[in-house]
Amino acid sequence: QVTVGDPGASAILTSPLSLEEESDATYRAPNLLQRVVSLLKNVRPGSDLTRFQAMQLPPLFNIPKSQLQCYGESVYCTGQDMLSRCANGTTSVDRFTSVVAWSISTLRPLTFGVAPYNPILGETHHVSRGALNVLVEQVSHHPPVSALHATNEEDNIETTWCHYAVPKFYGTSIETMVHGQKQLKLLSKDETYIMNSPKLVIRFFPIPSVDWLGNVTIRCEESGLEAELCYKGGSFFSRRANYRSIRGKITFLSSSKPIYEISGHWDRTVTVKDTSSGKLTVIYNAKEVLSGLKMPIIKDSEGIWPSESAVVWGEVSRGILSKCWDKAREAKKAIEEKEREFVKERESKGETWVSKHFRVAYSKETGWECSPNQKWVLPAPIVVPL
């Protein structure tokens, strides 16, 4: 914990989400039954939860970090440098399989019944790991849209995300569709990879669980390669073999015949099988990538923006970590009320919010699009030790 800016503001950083079910030794989720009953009392079947949002949940349901921090962690918190591996592949096929592995590495196991804070408008998260600099900003609040920009000048890598999550309640489950796309550019190779995200499914019965499910497509027009992945989850009657499994294929866009078949589990290992030779190659090992992750540290407390997630939610996180629920609730209420005041002030002046770090556009045809204002993300005051 480090005091930032004014005497009342503190940046609270916590351990990253990792492969282990309880990744943060300082945080334990409250009683499961208590959370389930409380949540079901607050929603109705068929409800669109876009406006319900995690921000309105009591701190009992929150992990001590913002959704922006979770997005950022999925890029900068890895046990191996997955992005550099993408850029350093010798052939287009090598690079493509590395991009598939990187895409898988952005998923993290989640704990049932708790969620990160819903970011406030204009909130940012800025972290560096080596030459990789990552910046995330909440560019819209209603609906909630998050934009991410990450660059590595040494390896000539750039990735941009625009995420718009839409959760809906279906009685025994909540399904969140993650709209928008991820774009990864290997600038030295003149290759751009476009991909979507699986949906997040929270089931209440018969066994409470959180799964990433659905289809993901990864495409590179320059190399003419495409991957189709299907994420599957377990059920009450299914075998463990189906739990967190991935099946898919890699093909050339000009042909429907796969050159590689993909199989495995995103929380264990994933392999590709060469359809011509039958050779199996492990492209992803979750234990190597998601275990032993290092927590970010503050390198320059004076350089941290007041909009930084760890500052905005610092007092709420402090209350959650110390299990002072009344303190956490009051701190969260103060953030909500301040946000409402800002909305009323903008509306009274007829002002429209303008993102500081991204150009934001929306159309019915293409949805939300976010383009970074700067070519390269600057080094951050918060760093992840190598």
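In this predicted model, helix H7 passes helix H8 in a left-handed crossing. H7 spans residues 314-321, and H8 covers residues 325-349. Their axes lie 7 Å apart. The packing angle is about 160 degrees. Angles over 145 degrees count as roughly antiparallel, and H7 and H8 are therefore roughly antiparallel to each other. On the H7 side, the contact is made by Glu315, Val316, Arg318, Gly319 and Ile320. H8 contributes Trp325, Lys327, Ala328, Ala331, Lys332 and Ile335 to this contact.

A pair of strands was examined next. Strand E17 runs over residues 269-274, and strand E18 over residues 280-285. The two strands pair in the antiparallel sense. Their pairing extends over 5 bridges. In one of these pairings, valine 272 has threonine 281 of E18 as its bridge partner. E17 and E18 form a hairpin, with 5 residues between the strands. The turn contains glycine 278. This glycine has a positive phi of about 80 degrees.

A search of the whole structure finds 0 disulfides.

Notes
Residues numbered from 1 in each chain as written. Predicted model: local features only at pLDDT ≥ 70, side-chain atom pairs only at ≥ 80, totals over all residues. Heavy atoms only, no water. Pairing = 2+ DSSP bridges. Helix = DSSP H or I, 4+ residues; strand = E, 2+ residues; numbered from the N terminus. Disulfide = S-S within 2.5 Å. Axes fitted to C-alpha atoms, helices over the stretch in contact; angles between N-to-C directions. Parallel < 35°, antiparallel > 145°, perpendicular 65-115°, else oblique. Left-handed = near helix turned anticlockwise from the far one by under 90°. Contact = heavy atoms within 4.5 Å.
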